[in-house]
Amino acid sequence: MTIHPQVPTFASEPIAPPQRLLMGPGPINADPRVLRAMSAGLIGQFDPAMTDYMGQTQELYRRVFQTRNEHTLLVDGTARAGIEAALFSLITPGDRVLVPIFGRFGGLLREICERAGAEVHVREIPWGTVFRPEQIAEAIAQTRPALVAMVHGDTSTTMLQPMEGLREICDRYGALLYTDVTASLGGNPFDQDELGIDAATAGLQKCLGGPSGSAPASFSPAAVERIGRRHSVEAGLRDPGQFPSEHRIRSNYFDLGMIFDYWGATRLNHHTEATSMLYAAHECARIIVTEGLAETIERHRVHGAAIHAGVLGLGLRDFGEAQYRMNNVVAVHIPEGVNGDAVRADMLTDFAIEIGTSFGPLHGKVWRIGTMGYNARRDTVLSTLAALESVLVRHGVSVPRSGGVEAALDSYRGAGNPA
C-alpha cells in the first residue's frame, strides 16, 4: 500500500469557519467567555482539581434547574444523549409510557421510548397548540403509565407546554414525570422542584449560551430509586461476588446508574470525562448564576418580545397560540408566493445571518427566529430585522419601511430600553 505523506490541499489549512450570526432556533453563537473556558488546559479525570470542577458544576446546575436534587450532573454528548440516558435508564422494557406530542421533538421522545422497549401510548394535538391539564389527566387515567415523557419547549412549533399541575396528576397513578428542557432552560421559567419533575435534561446550545456537546440533567430521589433497581457495575470493575442486574439498563454509555457512580463519592470509572465540554457547561451555568436566573429569563423575554414585535411590524403573521409562545424563539408564516428557503439563503449570503425553517407539517410554511443565550441582545435583534426587511423587499414583499426595526425599538422603549 502506498502512503502519501503530503497533506491534501483541502486539509492543509486550519479550520476557519465564516462569521455568522445564528438567529435560528439553535444552535446559537456561544458566549465568548464559554469559548475561552473551553481553551483551558486539560487535566486528568480524577485530578482533585477536576473532581472539584465536577462538584462545582453540579451545584451550579442545581441553581439553574432550581432543584435540591443530589443527582444533578452532565451527560457527555449532545442534548439527545441526555434524553437517551434518561429514557433508557428510567424505562424497563415492557413499561407503559405516555408521550403527549405537540411538535417534532415529542415525536423524538416517542421513538426513543420505543427503542428502549417501552409500550408507548401517544396523544397528539395540532402543532401550534399545547395540552390542557385535563387532556393529560384523561390520557394518564386511560393508559396508567409508569412514565410520562413530555417536551417543555418545542422549537419546531415555538410552543411552551405548561407543566403546572402535572405532578399531582402523575401521583394519582404512580407515574414518574420526565421533561426535555433543551430549548427552554435558562430562557423560560422552570422550577424543577416546584413543578415536581422527576427527570429533566437539557443542552447547552440554546438559552444556556454554549456549544452543543454536553447535556445537563437532574433526577429526583424517586427517579434515582427506579434507576437504582437496575444498578450494575460493568465487567472489569465488579468486586468478587458482584453480578450484573437481571434487568440492567440496555445501554452501557447511557447507563445512569453507572454515571451516578462516576459523579458520586465512589468516583467509579465509567468513561473519560469530556473535559473541555465540562469547562463549557460550567461557564454557561456560572454566567447565568452571576447574571441571576430571573434576570437571564427576563432578558430572553424582553428580546423575544422585541423580535416578535418586529416581525409583526413587517406585516408578517405569527404562528401558534400567542400566550404559550416561548420567550426565545418566534415562528412567522412565510408570505404567500415567497420561497422561504431562498429568503433564508439570501439572509445568510448577504448578511451572514441564519434564521430557521421548520419540520414536518410546518416545513416551508414558517420561519423560526431565535433570540437566545448570548444572542439575546438588542443589536442582534435590530440587525436581523433590518436584514429581513431588505431581503423581503428584494423578493417582492411589500413591507412598511423600517417597520420591523421601529416596532422593536418601541418594544424596547416599553421595557426601559435594555441593551
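This is a predicted model: local features need pLDDT of at least 70, side-chain atom pairs count only at pLDDT 80 or more; totals for chains, interfaces and linings use all residues.
Helix 9 gives the most to the lining of the second largest pocket, contributing four residues.

**Pockets**

The second largest pocket is lined by 17 residues, and those lying nearest its centre are Glu70, His71, Phe260, Asp261 and Gly264. At least two lining residues come from each of helix 2 (48–65), strand 2 (71–76), helix 8 (221–228) and helix 9 (256–263). The largest pocket has a lining of 27 residues, with Gly26, Phe105, Thr155, Gln205 and Lys206 nearest its centre. Here helix 3 (79–90), helix 4 (104–115) and strand 6 (153–154) each supply at least two residues of the lining. The volumes and the make-up of the two linings are set out in the table.

| Pocket | Volume | Lining by class |
|---|---|---|
| Largest pocket | About 400 Å³ | ten nonpolar, nine polar and eight charged residues |
| Second largest pocket | About 220 Å³ | six nonpolar, eight polar and three charged residues |

**Helix 14**

Helix 14 comprises twelve residues, 403–414, and at 1.5 Å a residue it should span 16 Å; its end C-alpha atoms are 17 Å apart, which agrees with that expectation. Within helix 14, the buried residues are Gly403, Gly404, Val405, Ala407, Ala408, Leu409 and Tyr412. An α-helix has 3.6 residues a turn, so residues three or four places apart point the same way. The packing partners of the buried residues of helix 14 are helix 11 (293–313) and helix 13 (378–394). After helix 14 comes Gly416, which has a positive phi, near 90°.

Arg325 is located in the loop between helix 11 and strand 11 (329–333). When residues up to four places away in sequence are not counted, Arg325 touches Thr158, Met159, His308 and Val330. With one of these, His308, the side chain of Arg325 makes a polar contact of 3.4 Å. Arg325 and Gln161 are 164 residues apart along the chain, yet their C-alpha atoms are separated by 9.0 Å.

Glu283, a residue of helix 10 (residues 275–291), has a relative accessible area of 10% and is therefore buried, the limit for that class being under 20%. Once its neighbours within four places in sequence are left aside, Glu283 is in contact with Arg33, Val34 and Ala37.

Leu147 belongs to strand 5 (residues 147–151), and at 1% relative accessibility Leu147 counts as buried. In sequence Leu147 and Asp191 are 44 residues apart, while in space their C-alpha atoms are 20 Å apart.

Conventions. Residues are numbered from 1 along each chain as its sequence is written. Side-chain values use heavy atoms; hydrogens and water are left out. The expected span of a helix is 1.5 Å times one less than its number of residues. Buried means under 20% relative accessible area, exposed over 50%, partly exposed in between (1.4 Å probe, protein chains only). Contact means heavy atoms within 4.5 Å. On a 1 Å grid over the protein atoms alone, a cavity is a set of points where a 1.4 Å probe fits but cannot get out, and a pocket is an open set with protein on both sides within 12 Å along at least five of seven lines; lining residues have an atom within 4 Å of a point. Grid points are joined across faces, edges and corners, and a volume is the space filled by probe spheres set on the points. Ala, Val, Leu, Ile, Met, Phe, Trp, Tyr, Cys and Pro count as nonpolar, Asp, Glu, Lys and Arg as charged, and the others, Gly among them, as polar. A polar contact is a pair of N or O atoms within 3.5 Å; within protein, one must be able to donate a hydrogen and the other to accept it, and residues adjacent in sequence count only if both atoms are side-chain atoms.
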